[in-house]
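Subject: Handover of a structure for your reading

Dear colleague,

Please find below the structure that I am passing on to you. I would ask you to keep it open while you read the notes that follow.

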Amino acid sequence: MKTIYLAGGCFWGTQRFFDQFPGVIKTEVGYANGRTANPSYEDVCRRDTGHAETVKIEFDETVISTAKLLDYYFLTIDPLSVNRQGGDVGTQYRTGIYYTDESLLPEIRARVAAEEQKVGAPLAVEVLPLENFYRAEEYHQDYLVKNPTGYCHIPAALLHLTEEK
């Protein structure tokens with residue numbers, strides 16, 4: 001089992017998106033790499049804590065690779081956009097790939113380099129060790145499962161990729 005942390009704009013859609021894939025064992029939304037301990041959603045949105053809305057993804061690398069997860073990740077973000085995804089604007093909506101396991105770094109770097117080549121420019125995606133991660137409030141967990149018509153910046157078709165197979 002491996003763990004990676006992905007910031008891709010609003011964490012509601014990012015969590016729902018990754019939950020669909022075989023090999024993804026567990027996801028959890030939270031706030032990563034900020035300057036304060038135990039922030040609330042209100043803090044992150046209004047108090048410049050420096051946290052990014054992030055999804056913690058635990059996955060079975062024998063079923064889905066880090067590279068494949070990142071292939072999917074790049075389907076859901078604008079990798080050139082700074083502090084914005086869809087209609088969400090602010091530093092908490094920045095994109096980032098955070099890790100605690102350095103063995104993931106070669107795949108992360110290779111996938112980021114391939115994406116830079118594809119788009120022809122440096123990406124606005126942070127690639128950093130995870131400094132901290134605080135679980136978001138319970139109402140944010142599996143938000144789009146609880147609220148199927150809730151807001152999501154990810155196109156609806158991408159939330160059902162595995163149903164098309």
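**Ser-81 and its surroundings**

The side chain of Ser-81 comes within 2.7 Å of the backbone oxygen of Arg-84, a polar contact (a pair of N or O atoms within 3.5 Å; within protein, one must be able to donate a hydrogen and the other to accept it, and residues adjacent in sequence count only if both atoms are side-chain atoms). Please note that this is a predicted model, in which local features need pLDDT of at least 70 and side-chain atom pairs count only at pLDDT 80 or more, while totals for chains, interfaces and linings use all residues. Residues are numbered from 1 along each chain as its sequence is written, and side-chain values use heavy atoms, with hydrogens and water left out.

Ser-81 is placed in the loop between H3 and strand E4 (84-85). Helices (H or I, at least four residues) and strands (E, at least two) are DSSP runs, numbered from the N terminus. Is Ser-81 buried or exposed? Ser-81 counts as buried because its relative accessibility is 13%; buried means under 20% relative accessible area, exposed over 50%, and partly exposed in between (1.4 Å probe, protein chains only). Not counting residues up to four places away in sequence, Ser-81 touches Thr-95 and Ala-124, where contact means heavy atoms within 4.5 Å.

**The sheet**

Six strands form an open sheet with mixed pairing, in the order E7-E6-E1-E3-E2-E8. Two strands pair if DSSP finds at least two bridges between them. Strands E7 (125-129) and E8 (133-135) stand at the edges with a single partner strand each, so one side of each has no neighbour in the sheet. From one strand to the next, the twist averages 30°.

Strand E1 (residues 2-8) and strand E3 (residues 52-59) run antiparallel and are joined by five bridges. Within this pair, Tyr-5 has Lys-56 of E3 as its bridge partner, and Thr-3 stands opposite Glu-58 in E3. E2 and E3 also pair in the antiparallel sense, over eight bridges; here Glu-58 of E3 is the bridge partner of Lys-26.

How many residues of E3 are buried? Eight of its eight residues are. Ala-52, Thr-54, Lys-56 and Glu-58 point one way from E3, whereas Glu-53, Val-55, Ile-57 and Phe-59 point the other way.

**Tyr-98**

Tyr-98 belongs to strand E6. At 0% relative accessibility, Tyr-98 counts as buried. Its side chain makes a polar contact with the side chain of Glu-126, at 2.4 Å. Leaving aside neighbours within four places in sequence, Tyr-98 is in contact with several residues, including Ile-4, Tyr-5, Ala-52, Thr-54 and Leu-128. Tyr-98 and Glu-131 are 33 residues apart in sequence and 8.5 Å apart in space, C-alpha to C-alpha.

**The two helices**

H3 and H4 pack at an angle of about 35°, and their axes are 9 Å apart. Axes are lines fitted to C-alpha atoms, for helices over the stretch in contact, and angles run from 0 to 180 degrees between N-to-C directions. Thr-66, Ala-67, Leu-70, Asp-71 and Phe-74 of H3 make the contact with Glu-107, Ile-108, Arg-111, Val-112 and Glu-115 of H4.

Yours sincerely,
A colleague
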